[in-house]
Amino acid sequence: MSSEGAEYTIGGVKILFPCKAYPSQLAMMNASSGPCPECSCSSGKAPSKDPGHTKKKEDGDGLSVPKIFFGTRTHKQIAQIIRELKRTAYSSVPMTILSSRDYTCIHPVVSNSGSNRNEMCVELLEGKNGKSCAYYHGVHKLSEHHALQAARGLHQAWDIEDLVSLGRKLRACAYFAARELMVGADIVFCPYNYLLDPQIRESMDINLKGQVVILDEGHNIEDCARESVSFGVTESQLRAAREELDFMVSNNIRQGDHGPLRAVCCSLINWLQESSGQLVERGFESACKVWSGKEMLTFLHQMGITGITFPILQKHLLTVLEKEEKVSVHGREELVEVPVVSSATQVVLKGLFMVLLCLFKENSRFADDYRVALQQTYTWVNENQHEDSDTGSYFAWPRHKKSSRQKTLVHLLSFWCLNPAVAFSDLSEVRTIVLTSGTLSPMDSFSSELGVKFSIQLEANHVIHNSQVWVGTVGAGPSGRRLCATFQHTETFDFQDEVGALLLSVCQTVGQGVLCFLPSYKIYLAWCCIRDDPFNMCHIKVRGSSEEKNANAYKFSANPS
């Protein structure tokens, strides 16, 4: 491709492409339905310079220009997209990247606290123990877009590392700055779950109504959608939440709100105890039983949790999460601080209410899409471990220590969503959803799985010419030995040597490198560890859930070492 940019007119709109487009790319762009009538692109004019990024209708009503929320699977993919954005003529568009504290916290203590960053950050923001976060109070230094433009040449698109580096220099919190930049941003980059998980959307103040959502690598979206509306909680977590709610009721703290929530926890704990006798052994020291979502609704009705009572319970939960309330003092209303339950209990209650909402919404339309599992396992707990830690609680809770190496029974209640359309039902009010991928076919079944009708579906021809592609099978290696890739043969040195010699021959012939997919990690180890490695490993492509352990694709250098 040429490194020079190119200008194309698509549907009457001038598009500045970072390079000369392939014919298949032009065909895809021209196949679209044309510009939208409500933004500046419809006239071909430059966007308004109004700092509020708004324009007026003829009748005088305000109309907000929609934001673009660009979702990817990982933060690494966001970095790749930002790199490409920098190459375009649109690199100066206001943008931000949403990420967790794991990537953006610069507080010297909190950033090194492992898995407890969120709780420690909240404690500092609330000023507990007389401590606060000086970096949070410097957020305005970063959130002002002019500061980003002036410092380190960030007038162009920036990555998380750029923001964190600038945050360290200005002693300003990059995590909250990125969230504040979302207000004035035209495009917001984030992982999938920030858009699909209702709890994350709420905590990050993401409102997708009337916005444009783009999901890159869309073939991964189904699993993420199912996981975002699934939830699991242990019996010990339920008991800890019940104890804390009971403490609130006993101390006359919002009794009318904490009481019903305590009753929910008590009912679930009692149901767990009753149902544990029905578990079926599934393996060594493990047992399980699975119910359908509709069967679980029957149990919930017996607990008094129905489609009528659940909205009332939701109001109770919202109330107990408020840290302040109005009270009458000498005839005047004043805001006073009220104790709230710990972050651990909040996670339990919010997760439960999220899946209950999915079970009850739209007259229990999605009940059949859930399975509720009760699993029983055992775990060993060391002496210095605690069963239920409430470090984020307003009160100092006693911690229950376990004796050394005690074998503990664990009951896990899981709500499994089997249908990605449950999560996508929350996106019904977005302006546009765009899914992009190289492997979405067949698109009709994919659309059905998500429960979304895509009025525009485009499939592009491949950019590679047919003359450049050869598809076939290789039945023998360079020495003529037959390649039989059954389990019995793949474990032998003869097979591994023959495949290695074949790949070495290919690498010496193909000048620009080879991408090779291996059936197992064992073969890679056999070449690298058992033999002298004939290849110069220049890149490892990881596939699977564990990026450190499941490496199935490797790129070999064309020049052996």
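Keep in mind that the model is predicted.

Aromatics to begin. Searching the whole structure gives 9 aromatic pairs.

Now another pair, Phe-310 and Phe-353. The ring centres are 5.5 Å apart and the planes sit at 35°, so this pair is tilted. Tilted is what remains between under 30 degrees for stacked and over 60 for edge-to-face. Where do Phe-310 and Phe-353 lie? Phe-310 is in helix 15, residues 310–320, and Phe-353 is in helix 16, residues 343–364. The pair therefore ties together parts that are 43 residues apart in sequence. Buried or exposed, Phe-310? Buried, at a relative accessible area of 3%. Phe-353 counts as buried too, at 7% relative accessibility.

Next, the charge over a ring. Lys-407 lies over the face of Tyr-378. The distance to the ring centre is 5.1 Å.

Last, the strands. In a regular strand, side chains alternate between the two faces of the sheet. Look at strand 16, residues 432–435. Ile-433 and Leu-435 make up its covered face. Thr-432 and Val-434 make up the uncovered one. Which strand is joined to strand 16? Strand 8, residues 212–215, through 4 bridges, and the two run parallel. Within strand 16, Val-434 has Ile-214 standing opposite.

Definitions and conventions: Residues are numbered from 1 along each chain as its sequence is written. This is a predicted model: local features need pLDDT of at least 70, side-chain atom pairs count only at pLDDT 80 or more; totals for chains, interfaces and linings use all residues. Side-chain values use heavy atoms; hydrogens and water are left out. Rings of Phe, Tyr and Trp (its six-membered ring) pair if their centres lie within 6.5 Å; planes under 30 degrees apart count as stacked, over 60 as edge-to-face and the rest as tilted. Buried means under 20% relative accessible area, exposed over 50%, partly exposed in between (1.4 Å probe, protein chains only). A charge sits over a ring if NZ of Lys or CZ of Arg is within 6 Å of the ring centre and within 35 degrees of the ring normal. Two strands pair if DSSP finds at least two bridges between them.
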